[in-house]
Structure formats: C-alpha cells, structure tokens
Amino acid sequence: MSKTLVLAEKPSVAKDLARVLGATQKQKAYFEGKNYIVTWALGHLMTLKLPEDIDKDWQKWDMATLPMIPKEIGIKPLPKTTHQLKAIKELVQRKDVKDIVIATDAGREGELVARWILAFAKCQKPMYRLWISSQTDKAIKQGFAALKPANEYDALYQSAIARAKADWLVGLNVTRALTVKYEDNLSAGRVQTPTLALVREQEKKIETFVPKTYFVVNVQYKQLKAMFQKQFDTREEAERFMETVKKGVVLEVKEKTHVEKAPLPYDLTELQKEANQRYQFSAKKTLSIVQSLYETHKIVTYPRTDSKYLTTDMQATMKERLQAIAKYDERAKEYINLGGKVIQTAVFQNDKVSDHHALIPTEQMPNLSKLSSDENKIYRFIVERFLGLFAPHHQVKSVSIKVQFNDKQECIFKENSVLVQGWKQQEVSRVSVDVKQGDILYVQTSCEKKVTTPPSALSEGTLLGAMEKHSLGTPATRAEIIEKLIKSDLMERQAVTLRVTPKGKQLLQLVNPSLVTPTLTEQWEKSLEKIAHGKERSDSFLKDIEKSTRHLVEEIKGSEVAYKDFTITSKKCPECQSLLRERNGKDGKRYVCTNAECSYQRRKDPKVSNHRCPQCHKKMEIIDGKNGAFFKCKFCSITEKLESKSQRQQKLSKHEEKRLLQKINAKQETVESPFAVLKQLANDKVE
C-alpha cells in the first residue's frame, strides 16, 4: 500500500503531526502508520559549502584570493546531523512512498530547510506543501485537507537561496578581507553591519549633545494648567514676562470628541519591542517563549509573522478563540454574550497578509498550570491585543480654551474627559471647568527652570523598531542578528541599553561606507521580498551582490585606516610569552593567546563553585595553579584540594544518596523493632 511521507522541521512538531495522522508506530527516525510516514529535520541539515570545499586555494586566508566569487556555491550536509539526513533520504527513496508533504515552518527559512534536504535525497516524487499558522489538531486537519503543490512556493524558495548566497558572498568575503588585513577576527555582514551602525549613530548623538538651560512660564486657572510656548534664557526675563500675563480673555472654546480604535494584534517585532520595554526581555528570549507557546502549548498562532492583520475567512473563527480564553480573562465571556462581534473590523484585510496573519490566540484552551511565569507574561500580551478587537472604541471629549493676554500672548488650556472607556482600562471622567468665549480669567503664573535632555541610548526594543523601519532582516532573523553582534564582541548589553564596543567602532570605520549605511541593505531586503512574490529574478539580484562584493573587498584592500586591537592586554602567555587577548566566552571573559600557533587560554576571573568555605560558608573559587586546580575562599584565603574528575565520579551524587537512604529506610520498616515487640506484649498483658 502506498504512503505519504511528511517532513516536519522538528521532532516535537513531527510527534503532533503523527498523532493527528494516525502514524502511531514509533521508529528511531520517524513515525509510521497506515497511510502516512512522518519524519523530521533538526533545523537545517544542509548548509552552503565553505570556500575550502569549493576551491583548495581558498583554504588559506589570503588577500590575494579575494574576492571569492564561485560559479556555483553548492550545499553539503552538516556533520552532526548526517544520521537523520540519511534516514530521510532512505524514506524518500522507499518504493511504497508515493509523494512528499513539506511540513516545515511556513516561511522562507522553513522552505529552505525542506528543499535542501529533498535535493540531497534526489527526490523525484510529487511534492505538496502544508501551510498552517497554528499547531492545533483542527489546524493540522484543515491544512492537510488543503495541501497545495510545492511548486507554488518556488518563488519563496528562490528568495531563501538568494538570501543565503548573498550573506555568503558579502559576509565571508568582507569578514575574511578585514581579518587578514588587520590581523584580528573582524566580523562584518550584509545586515549586521548596518544594524551595528544604527546603534553607533545614536551614540554619536548622545556624545555630541550639549545641554542647554532655559526657563518657561506656567499658567493656571483653577485646576486648568498650561504653559506658554515662549522660552527664556534667564529667570529675570521670565519674571518680567509674568507681570504682563496676570489677566486674560477667552478668545474661543472648542469641544471635540476623539475616537481611538484598539491597536491591531501583534506582529513578532512589535511583540519583541513591547516585551523588552516592559520586562527587559531580549528579542531572542521573546522569540523562544512565543515559539514555545506555538509549538509546545499550541495556544498562539505562527509567531514569525510581519503582519498585524487577519484574512476575512478568519471572522468565522473569532468566537471559538474567545471561548478558548474565557477562563483566562473574564472579558472574553462578556464579548461572547454580546455575540462575539469584532468592533475593530479594519483588522480583516487580505491584501495586508502575505505569508502569515497577525499573532493571535488559537482555538485551544490554555492550561495555565503548564505555563511558566515568562510564558504567561507573553501570552497575556497576545490575549490583551486580541480582546481589544471586540471592545468598543475609546472615546474622549477634548475641551480647548484659547486665552489672550495684554501683550497679545496666547496660551491654550486643555482638558480631556473619558466618555467611553472602551478597550482602554481607564475610568470615565467629566469636564469640571465651565468657561465661555469673552470670559475674563485671572490666572496664577510660575517660573520653571528646565534643561534639555540628551537622546536616549537604543534599547533592544528601539533597535528592533529601527531595523524594521530600514527593512534590515526579517521578524524571524532580527533577534539572531543582535545576538551575533554581541557574540562577535562588536556590541554589548549594558543594563537595558545597547553599546558599541571599541572594536565595533573601529569596524564601522574600516568597512565600506555603503555597507555601514542601511540604504543599500534596505534595497537588498526589498529585492528579496520581490523575489519571494515572483516580481524579481534571483539571478539578477545575485549579480548585483557579486558586483557589490568586489567593490567592498577592493575598498578594504586599498584602505589606509589604522586599526588598534583594544582586546590585547599587557599580560603574557606563560607558554610562548606572546600577549594575551581578552575574549567573551560562554562562561565569562577569557584570556586567549594572540599567537595563532599557541592554544593557551584561561578564565579572566576565577570560576565560583558551589563548594562552601568551612570557615565563612561562602562559595569558594576554583583557581588554576601550577600543580592543578584547587578551591580558594577569597574572603578567608583558605584553600582546599580539588578532587580529580574520576574521584568525584566515585562519590554518590545527592540524588543517588537520597535514593539509597530511601531504600535502606524501606528495608528497616519491614523488620519489627524490639521496642515495638515489647510495646505489643505490654498491651496484650493489660488486656
């Protein structure tokens, strides 16, 4: 009997698909059932070949070999996951497999993951595409009932290949040119470099800012407050002005009702910005959390979306989504009782939804006991935005009172009162001051000293907004770009803001100006979008990239800008006497030898262990000594021998010790103690 092979992106997703499709027989690399075989990738199983895989002359990092512009880059398996790749290839070539369903993430990268795997497997069988925006059983069943031929997504695949090749050409060539010329690991890229430049430009504004002191005049009538627009250089000037504005006449009174509609649901970038502003979550952390809500809990739709709109056919699902969150938020019950009608109807626009609609709750009820605190915070954001679609518009009555004083100076008093609370959580208030045109107002004035404030440093949230504005990256890749800049020592986090490191500042001076400004990269990103929608050819785009790559490399070769490695310290390597360089490692900063042929490295600061000092009971540090590592208390200077790994393995862990004690106690309970026997005899005697 012929079967359909389904290729998911992750094992967890494959497990859900297999359950819905009835593929219940679990094998090492797949699930199998009567009609379906479900297997999985582990993210990318294939990658573009490295320069040395294409040309042996490119193995050595040499300026003479740059730029590297191969006719065809080609792909190769990633070494750590070849076992799964080979398993998928065998499944593709099985005689009873009649067709393939691509069920990887419904997006550009997901398409690339599957197509590269199937290309490696030399798949010649019919292929179809599963395109769903949530992982609920209902969505999976509906998706399989509406499969489309895979070739309808060829343009998306071409866009993904073009993006990967563009990053290869620009990133590898520019990084290699900078690293060879300046003898330091200098990483540059098509998107990461202009992103770094955005942070640096904001820093320059802060560095060149000069504060200015000025004075303003405040004016008050009853509880109405306003401020004259005029600014004064000295307090004396402001006080002289105050003498002329003791009494004014009402020129006009305007009343207007403002209607404010609820904000649209989140796309990924706005959700990341909000989470960073409210909870200081990094973009990567927010993406990880919302991915878990989507894949594991199945209570939100596809997260890597760039749209805030919904398609018109989703109107029929809105009430069911309300019912799913009724126990999570009481307002959902109110809206259900009112018929579950969407008030913010502008959210339904088909032409503003490309690959995926906005991020909203699914029809699956959340199990709150399984949500972590952080997951609950992000889910609350998504639910709040969704509920706003059903709430009445927020209405505010605005009263504007224009007053003119003796010297023709004017000020405007404004008072707002909430008429309808609607989607905003504000109490209804009323206008309290009653004045009319021609009234004379006797006012109080005061002088206030002010100082101009510098621009704020970019946070991760504001950087995401700037990246979105300049089309740098996609919602799916922006978090990864930020993390790469930090990992490369070009940028660092400082509390809630981002800062360019000295190395990053120099890099921006070394690379070509066209790669620093976001304009060129913005054009490239727009071209990739056009390719994805079949409006531009990928080969013409890549020709432009190749031309730019040659120009960027030539600029670096001819540059006379000096470079200083600020990471090199005055400390010397104990093995070869070369200077040590400071690097960021997974477990903190490390000292690494600058000699390429020397492998010496050590931690900058001693590692703090869980071993307690016998005297002060504080955690002891692990010190690397000449005769091996040992414990040392930095408070008491007490030292203790650090046992070898084999000695530590011979000891029982706390978990093993607990289990052994439980076993011993259980045995003791089965043996009647002498005391218990005597007690029983005494009781028998009394009876």
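Start at the largest cavity of this predicted model. Select V13, L17, A103, T104, D105, A106, L130, W131, I132, Q135 and Y294, which line it. Colour the lining by residue class: eight are nonpolar, two polar and one charged. The volume of this cavity is about 90 Å³. A search of the whole structure for cavities of 30 Å³ or more finds one.

**The seven-stranded sheet**

Next, show the strands β2, β3, β4, β1, β7, β8 and β9. In that order, these seven form an open sheet with mixed pairing. Look at the edges: β2 (25–26) and β9 (148–149) each have a single partner strand, so one side of each is left without a neighbour in the sheet.

Now zoom in on β7, residues 97–103, and β8, residues 127–129. The two strands run parallel and pair over three bridges. Pick I100, then find its bridge partner in β8: M127.

**Helices across the sheet**

**A salt bridge to select**

Side chains of opposite charge can pair when their charged atoms come close. The count for this model is 46 salt bridges. Select one of them, E72 with K165, where the closest N and O atoms are 3.6 Å apart. What does this pair tie together? E72 sits in the loop between α2 (51–54) and β6 (75–77), while K165 belongs to helix α6 (residues 154–182), so the pair links parts that are 93 residues apart in sequence.

**The three-stranded sheet**

Move on to β11, β10 and β16. In that order, these three strands form an open sheet, and the pairing is antiparallel. β11 (224–227) and β16 (444–451) are the edge strands, each pairing on one side only. From one strand to the next, the twist averages 30°.

Focus on β10, residues 213–221. This strand pairs with β11 in the antiparallel sense over four bridges. Select Y221: its bridge partner in β11 is L224.

Finish with helix α8, residues 235–242. The helix packs on this sheet, touching β10 and β16. Its direction makes about 160° with that of β16.

Definitions and conventions
Residues are numbered from 1 along each chain as its sequence is written. This is a predicted model: local features need pLDDT of at least 70, side-chain atom pairs count only at pLDDT 80 or more; totals for chains, interfaces and linings use all residues. Side-chain values use heavy atoms; hydrogens and water are left out. Two strands pair if DSSP finds at least two bridges between them. On a 1 Å grid over the protein atoms alone, a cavity is a set of points where a 1.4 Å probe fits but cannot get out, and a pocket is an open set with protein on both sides within 12 Å along at least five of seven lines; lining residues have an atom within 4 Å of a point. Grid points are joined across faces, edges and corners, and a volume is the space filled by probe spheres set on the points. Ala, Val, Leu, Ile, Met, Phe, Trp, Tyr, Cys and Pro count as nonpolar, Asp, Glu, Lys and Arg as charged, and the others, Gly among them, as polar. A salt bridge is a side-chain nitrogen of Lys or Arg within 4 Å of a carboxyl oxygen of Asp or Glu. Axes are lines fitted to C-alpha atoms, for helices over the stretch in contact, and angles run from 0 to 180 degrees between N-to-C directions. Contact means heavy atoms within 4.5 Å.
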